[in-house]
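Dear colleague,

I am passing the structure on to you below, together with the notes I made while going through it. Please read them beside the coordinates.

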Amino acid sequence: MFRFIAAVAGGLAMWAANPPIGWWILAFAAIALLWIAVRDGGVFAGFLHGWVWGATFFLPLFYWATVASGTLLAHVALAAVEALYIGVLGAIWAVVSRIGHLKNVPLGGRVVVQIFLGVFTWLAMEQLRSSWPFGGMPWGTLGFSLVDSPLIRLAPYGSTALVGGVAVVAALLAAMAPRMRFLGAMASVIVILCLVFLPVFVPIGASPSATVNIGVVQGNIPAHDAENRALQVTKNHVEATRTMLAASHVTPDLILWPESSSDRDVREDPQAGEMVFDLVQETRIPLVMGTQKYVEAGRYNDVLVIQPHAGVVDRYSKQHPVPFGEYVPYRDFFRQFSAEIDRIGVDMLAGDGPANVSVTIGEETLNLAVPICFEVAYTSIVAESVKVGAQFVVVPTNNASFGDTALSEQQFAMSRFRAIEHGRTVIQVSSSGISGVVNSHGKVLYETELFTQDARVVKVGLHDSLTIASRSAGGREFSIYILGAVSAMVAGVTAFLTRDRGGS
């Protein structure tokens with residue numbers, strides 16, 4: 001019963017470390033409680049308690065899935081599947097903990113080996129969860145919960161892997177310290193304090209090479225029963241843009257609209273197209289906006305660049321549509337479990353990367369990273385766009401279907417993380433909130449409320465230098481898989497050598 005209670009408490013602590021509560025210090029307690037719940041147990045017990053920890057974390061974290069899908073089944077299924085990864089990790093950690101009973105190995109050596117194996121199996125689990133199946137689900141990655149902690153300053157040097165990895169080291173040391181002798185326990189406390197608080201002295205951010213004035217428009221959405229609702233969303237953004245231009249003392253060099261600011265394809269639909277193209281011609285300001293492109297096989301989620309006198313000059317199509325949210329894989333099979341999947345009537349198709357578009361402002365051409373909505377959670381997508389020259393990052397998103405749940409806050413925490421990780425200004429622009437601007441030092445310049453209309457001009461820094469995290473994304477991913485696999489194999493050998501020592 002104690003293990004079960006520790007697992008439940010750990011999962012709830014991990015949820016509370018994330019928005020909307022955001023008590024980041026609880027992330028350390030959560031990891032420590034996971035270790036305590038599975039320590040010295042059998043493989044099956046480790047899996048079971050790990051799954052309980054995961055389910056207790058993911059069920060409240062993913063509450064927005066019920067609101068967006070209209071069914072509790074989608075929410076529970078998503079949480080249950082994601083919890084399986086924590087279950088497998090729990091089984092591995094249960095075996096790794098047995099190393100602590102090997103009397104022929106010095107205590108310090110046992111602790112170091114357990115922490116090494118524990119950290120890299122955690123990181124490999126998170127990475128696998130973020131990439132498989134159907135492209136994975138990185139929501140709930142440990143590093144994102146630490147965006148307000150001193151550890152966030154490690155992000156430019158190793159992304160979520162370094163931030164989360166250091167947190168796991170500190171948490172495992174905290175879980176092991178009570179079993180150590182006095183000097184070992186005191187040494188562990190000192191190491192933990194250094195790991196958690198010394199990063200406050202690590203430099204982050206850089207001075208911009210230039211600045212531009214960006215108009216960020218959150219037009220808001222009409223009521224669900226509004227007539228011509230899709231067209232009204234576009235009209236709202238047009239009106240909010242005009243109001244912003246009339247009120248601002250600074251003329252923006254570029255205007256940003258969110259994902260799906262026109263659900264009607266402005267390239268094909270006369271009414272939507274007239275509103276948008278007339279606005280660009282009238283203001284003579286380039287517009288970056290989100291729209292849909294319908295083809296025979298499905299639809300694309302596009303970000304367009306519209307230039308005065310030139311029309312559409314560049315396009316990025318979302319390369320990572322959300323399974324069961326924007327398309328349904330194996331539709332006939334999953335329809336057997338719920339007819340609700342047919343609420344997604346037209347499957348979204350995957351575009352190609354990188355997530356970049358170019359905008360001409362005067363004599364200069366700007367390179368923008370434009371990961372759409374959930375794509376900000378995928379480390380490789382954002383890193384690739386920065387590596388190919390993005391001078392700032394725009395996250396166009398449409399969170400209207402998630403209501404007033406914590407999804408928008410969770411997403412904005414990811415945008416804040418990416419700003420520090422890549423040393424870039426990040427602009428999250430949403431149809432209904434949260435929109436906001438974060439500079440390369442992680443400072444939030446402004447943040448909007450949900451379901452309000454907001455449009456303002458912001459001076460944004462342009463950056464060209466690459467952080468270590470930006471440059472090393474591909475190699476880091478490969479290394480984590482290798483080290484995670486080696487750690488799992490060592491755990492397997494340990495299970496064989498200590499097969500008579502484990503509990504059940």
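Strand β8 is largely enclosed by the rest of the structure, because 6 of the 6 residues of β8 are buried (buried means under 20% relative accessible area, exposed over 50% and partly exposed in between, with a 1.4 Å probe and protein chains only). The model is a predicted one, in which local features need pLDDT of at least 70 and side-chain atom pairs count only at pLDDT 80 or more, while totals for chains, interfaces and linings use all residues. Residues are numbered from 1 along each chain as its sequence is written, and side-chain values use heavy atoms, with hydrogens and water left out.

Both faces of β8 are covered, with F392, V394 and P396 buried on one side and V393, V395 and T397 buried on the other. Strand β9 is likewise largely enclosed, since 5 of the 5 residues of β9 are buried; V426, Q428 and S430 point one way from that strand, and I427 and V429 point the other way. (Strands are DSSP runs of E with at least two residues, helices are runs of H or I with at least four, and both are numbered from the N terminus.)

β8 (residues 392–397) and β9 (residues 426–430) run parallel and are joined by 5 bridges, where two strands pair if DSSP finds at least two bridges between them. In β9, V395 has Q428 as its bridge partner, and T397 has S430. Strand β7 (residues 364–369) also runs parallel to β8, through 2 bridges, and the bridge partner of A369 in β8 is V393.

These strands belong to an open sheet of 6 strands with mixed pairing, in the order β6-β7-β8-β9-β10-β11. β6 (356–361) and β11 (444–447) stand at the edges with a single partner strand each, so one side of each has no neighbour in the sheet. From one strand to the next the twist averages 25 degrees. Helix α13 (residues 407–422) packs on the sheet and touches β8, β9, β10 (436–438) and β11, its direction making about 160 degrees with that of β9; contact means heavy atoms within 4.5 Å, and angles run from 0 to 180 degrees between N-to-C directions, with axes fitted to C-alpha atoms, for helices over the stretch in contact.

**The helix pair α5 and α6**

Helix α5 (residues 72–96) and helix α6 (residues 107–129) pack at an angle of about 165 degrees, their axes being 10 Å apart. That makes α5 roughly antiparallel to α6 (under 35 degrees counts as roughly parallel, over 145 as roughly antiparallel, 65 to 115 as roughly perpendicular and the rest as oblique). Among the residues of α5 that meet α6 are E82, Y85 and W93, and those on the α6 side include Q114, W122 and R129.

E82 lies in helix α5 and is buried, with a relative accessible area of 4%. Leaving aside neighbours within four places in sequence, E82 is in contact with F58, F62, R129 and M137.

With best regards
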